[in-house]
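User: I would like to learn how to read a fold summary and then a single residue. Please take me through an example.

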Amino acid sequence: MSEKSHDIKSEIKIYYYVFGALIFFSALTVGVSYIHFGLIIGITVALLIALVKGSLVASHFMHLKSEKKLVYFVLIMTVIFFLSMMTLFIASFYDVPEGLKFLDKEKGKTIKQQLPNHHEEKKH
Amino acid sequence: MDTIPFTVQPREDTGLFNAKLGIWIFLASEVMLFGGLFSSYVLLRIGSITWPLGSDVLNVPLGALNTIILISSSVTMVLSWAALKEKNLNKFRFNLWATILLALAFMVVKSFEYGAKFSHGIFPKESTYFAIYFTLTGLHAFHVLGGVVVNSYLLGPGTKMWKTDPERFVNRIEVAGLYWHFVDLVWIFLFPILYLL
């Protein structure tokens, strides 16, 4: 019993460290957003920080660092289904017939310049 | 009374008490709910001609404040569970109170943000960005309210179980905590994508 209560004492200490880390990363993500890296790097950095914060919450507050196998299985399935859904959503963007997109011939050029990663898919 | 078995002892085949498996499956469905909207956000954004920079149209300091508030409430939630593990009911009450009050503080800040937008005549119909902004943050706010309801029950009448079946009560707090940390986790992703990018 005494060993258990010691465990929880050291756990509580870790919760405070995690709290500190989460505050730090929150400040970091706001700070970094003032530096204009451009959209792609900006999104990557912001999502990376969010992922780090998310995994801190999940592994410590949600006790995932010491959980039973079945929970991990549920989570892995969730990740697979979530990524599949997101892929379907994004894929649907490239499945719109030519005439139905925002682009018309004159405007098309400026839109392409704004969104350079779109024009390869248009050829299909 | 005990219609649901394995509220304390883990089931042999799952290795978990039933409520824990239940909440994780529920959270998986929640990931799909929010995931669908996150995917919509990505689709709407890559499909749109213009997209405002979040920090130009929203109040970043208020959003950051709400991030701090929600992270703090996550900490007090896990501390309330740890307090029960230490058999310290007063500490448990203090931390769960703090969790609920922080959640309400989050809602107050959020309502100020919404109010500022509405008073400027900005509603979801304003643009695709505001449509997805109000949908995502609105759904998230409902989840915060749901957490307040559950935690208030556990702090009020629910605490009686501490006397009759303490281990089961600790498990209830853990499960409520898992939900609450998930709500925090969603905000951790919502804040940068809506406010900063």
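Predicted model: local features only at pLDDT ≥ 70, side-chain atom pairs only at ≥ 80, totals over all residues.

User: How many helices and strands does chain B have?

Analyst: Chain B contains seven helices and zero strands, and its order along the sequence reads α-α-α-α-α-α-α. The C-alpha trace spans about 60 × 35 × 25 Å along its principal axes.

User: What do the contacts in chain B say about sequence separation?

Analyst: Take pairs of residues at least 6 apart in sequence; of their contacts in chain B, 77% join residues at least 24 apart.

User: How should I read burial and surface for chain B?

Analyst: A residue counts as buried when its relative accessible area is under 20%. In chain B, 56% of the 197 residues are buried. The chain exposes about 8,400 Å², and 68% of that comes from carbon and sulfur atoms.

User: Where do the charges of chain B lie on average?

Analyst: There are 14 positive and 12 negative charges in chain B, and their mean positions are 6 Å apart.

User: Which residues does B:N66 touch?

Analyst: Leaving out residues up to four places away in sequence, B:N66 touches B:A105, B:F106, B:V109, B:K110, B:E113 and B:W187. For B:F106 there is a polar detail: its backbone oxygen lies 3.5 Å from a polar atom of the B:N66 side chain.

Conventions
Residues numbered from 1 in each chain as written. Chains lettered and ligands numbered in written order. Heavy atoms only, no water. Helix = DSSP H or I, 4+ residues; strand = E, 2+ residues; numbered from the N terminus. Buried < 20%, exposed > 50% of the residue type's maximum accessible area, 1.4 Å probe, protein only. Contact = heavy atoms within 4.5 Å. Areas by Shrake-Rupley, 256 points an atom, 1.4 Å probe, with all protein chains shown as cover. Lys, Arg positive; Asp, Glu negative; His and termini not counted. Charge placed at Lys NZ, Arg CZ, Asp CG, Glu CD. Polar contact = N/O pair within 3.5 Å; in protein donor to acceptor, adjacent residues only side chain to side chain.
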